[in-house]
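Hi,

Here is the structure I promised to pass on. Have a look at it first, and then read my notes below.

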Amino acid sequence: MTEVITIAAGKGGVGKTATTVNLAAAMAIDNKKVLVIDTDVQANSTMFLTGQRLADNAFKGKGLYELARAYGILPPNEFIHESQIDNVDVIVSNMNTPYLEEQIKIVSRDNDFKPSEFLFNVLSDIFQTIEYDYVLIDTPPAQNSLTVQTAMVASSHIIIPLKLEEQGVESLLVTDGLRKALEEKFDIEINLLGVLPTIVEKTALTDYYLEIAFKSDDVEENPEIDRLCKPYKDKIFKNHIRKGNIVNESTIERKPCVLMSQKKNPSKDYLALWQEIKERLNEE
């Protein structure tokens, strides 16, 4: 069975794309076959996986928007591209991705399904002819967009990257609230695989969140028991993604940091995260 995992957070700058592409690379190193779907208008996952920047316009007419336009006419497989990483394929974002949501509304009306079911239907078609071990969906930093909704509805699990600050916590709560709302609306199960602290530095604020807010059951010590500790205590990944220059360097090189050096802290963290993800999936 293919596991479909969406990486989502309403706040930008929390490492959604870095998590997506580094997990894809870690999976590929582990001989897993992976499909990445880039739904973000910035097309950063596309850049990391193909080496092509959005401005290069290398995928004109060959992206997710065009897949939506051709839905029911051409098979989705026609829009899957090989990446520069063995075992990783990608459905790219291009210059037309800003028009994706409107096109999803049109194609869903013409084909009699709910707009939020678009990516679920696309993947169902793909799985009839291509076997993947994992699908990773990178999403834009939007709180409740149709793009994020259709990614979640298509997923068996979601990962929520979390920057350890108040805005990051609010993003976590809103994103997880959307997950729960979609579960109820569509009567489906979208499991929260985990909450991933990213860009982690050793500070008093970081210590507060990791040692108290999400962990402590002491009512006097922790005012966040009901908001954070009770719902997320067991969902925080043990492997946090530490801050490191290699993440910025990987943008220049246009490749995931785990493929540049496995000795740097963020690379080691992403490789360890992949092992933890496997353990969590096996425990279900």
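Which residues lie nearest the centre of the largest pocket? They are Gly 13, Gly 15, Ala 18, Ile 199 and Val 247, out of 25 lining residues.

Before the rest, some housekeeping. This is a predicted model, so local features need pLDDT of at least 70 and side-chain atom pairs count only at pLDDT 80 or more, while totals for chains, interfaces and linings use all residues. Residues are numbered from 1 along each chain as its sequence is written, and side-chain values use heavy atoms, with hydrogens and water left out.

**Pockets**

A pocket here is an open set of points on a 1 Å grid over the protein atoms alone, where a 1.4 Å probe fits, with protein on both sides within 12 Å along at least five of seven lines; lining residues have an atom within 4 Å of a point. Volume is the space filled by probe spheres set on the points, which are joined across faces, edges and corners.

The largest pocket holds about 540 Å³ of space. Helix H1 (16-29), helix H2 (44-50) and helix H10 (245-253) each give at least two residues to its lining, and H10 has the largest share, with 5 residues. (Helices are DSSP runs of H or I with at least four residues, strands are E runs of at least two, and both are numbered from the N terminus.)

The second largest pocket has about 260 Å³ of space. Its lining counts 15 residues, with Ile 236, Phe 237, Lys 238, Glu 276 and Arg 280 nearest the centre. Helix H8 (204-213) and helix H11 (265-283) are the elements that supply two or more of the lining residues; H11 has the largest share, 4 residues.

**Sheet**

There is an open, mixed sheet of 7 strands, ordered S3-S4-S2-S5-S1-S6-S7; two strands pair if DSSP finds at least two bridges between them. Strand S3 (81-82) and strand S7 (191-198) are the edges, each pairing on one side only. Strand S2 (34-38) and strand S4 (88-91) run parallel, joined by 4 bridges, and Ile 37 sits opposite Ile 91 in S4.

**A covered helix**

How many residues of helix H6 (146-153) are buried? The count is 8 of 8, where buried means under 20% relative accessible area with a 1.4 Å probe, protein chains only. Among the elements covering them are strand S1 (3-7), helix H4 (100-111) and helix H7, going by contact (heavy atoms within 4.5 Å).

Cheers

Notes:
Buried means under 20% relative accessible area, exposed over 50%, partly exposed in between (1.4 Å probe, protein chains only).
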